[in-house]
Amino acid sequence: MQNGHGYNRLTVRENSFNNPFGGDVQADMFQIDGQYIGSGLVYSVNLASGLPDDISLIPLPSKYTAHKTVEEAEKEFDVCYLDISAGIRYYLIYFSRNSEEL
């Protein structure tokens, strides 16, 4: 989705929640101050402009690990999305469709 000049037409939110490998996206969520909120696989997320920044998660399967501290999440994440308006940090991990971890 980049043009010849390297500009991306997707929003930061769209880029963050769009897994380039086509598999699951794990979200470990924390308040900006580092307090753990929860972890799960992203089930659905509003990406279109003008919609609320809602997200729904399903429980992590047994082969996945919830990272319950910022330090743990920072060792494993692919992208950290900061939702400044909601005060939430999403540490996102991308899995491929053919991942052996599934």
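**Aromatic pairs, a hairpin and a loop residue**

Reader: What links Phe30, Tyr36, Phe77 and Tyr91 into a cluster?

Author: Ring pairs join Phe30, Tyr36, Phe77 and Tyr91. Rings of Phe, Tyr and Trp (its six-membered ring) pair if their centres lie within 6.5 Å; planes under 30 degrees apart are stacked, over 60 edge-to-face, and the rest tilted. The model is predicted: local features need pLDDT of at least 70 and side-chain atom pairs pLDDT 80 or more, while totals for chains, interfaces and linings use all residues. Residues are numbered from 1 along each chain as its sequence is written, and side-chain values use heavy atoms, without hydrogens and water.

Reader: How many aromatic pairs does the whole structure hold?

Author: The search finds seven.

Reader: Why is the pair of Phe30 and Tyr91 called edge-to-face?

Author: The ring centres of Phe30 and Tyr91 are 5.7 Å apart, and their planes meet at 80°, so the pair is edge-to-face. Phe30 belongs to strand S1 and Tyr91 to strand S5, 61 residues apart, and the pair thus links distant parts of the chain. Strands are DSSP runs of E, at least two residues long, numbered from the N terminus.

Reader: What makes the pair of Tyr81 and Tyr90 tilted?

Author: The planes of Tyr81 and Tyr90 are at 40°, with 5.9 Å centre to centre.

Reader: Why does Leu47 count as partly exposed?

Author: Leu47 has 27% relative accessibility, so it is partly exposed. Ile32, at 41%, is partly exposed by the rule as well. Leu47 lies in the loop between strand S2 (36–45) and strand S3 (55–58), and Ile32 in the loop between strand S1 (22–31) and S2.

Reader: Which residues does Leu47 touch, not counting those up to four places away in sequence?

Author: Leu47 touches Arg13, Glu14 and Phe17, where contact means heavy atoms within 4.5 Å. The C-alpha atoms of Leu47 and Arg13 are 6.7 Å apart, with 34 residues separating the two along the chain.

Reader: Why do strands S4 and S5 count as paired?

Author: Pairing takes at least two DSSP bridges. Strand S4 (residues 79–83) and strand S5 (residues 88–96) have five, in the antiparallel sense, so they pair. Val79 has Leu92 in S5 as its bridge partner. S4 and S5 form a hairpin with four residues between them, and Gly87 in the turn has a positive phi of about 70°.

Note on methods
Buried means under 20% relative accessible area, exposed over 50%, partly exposed in between (1.4 Å probe, protein chains only).
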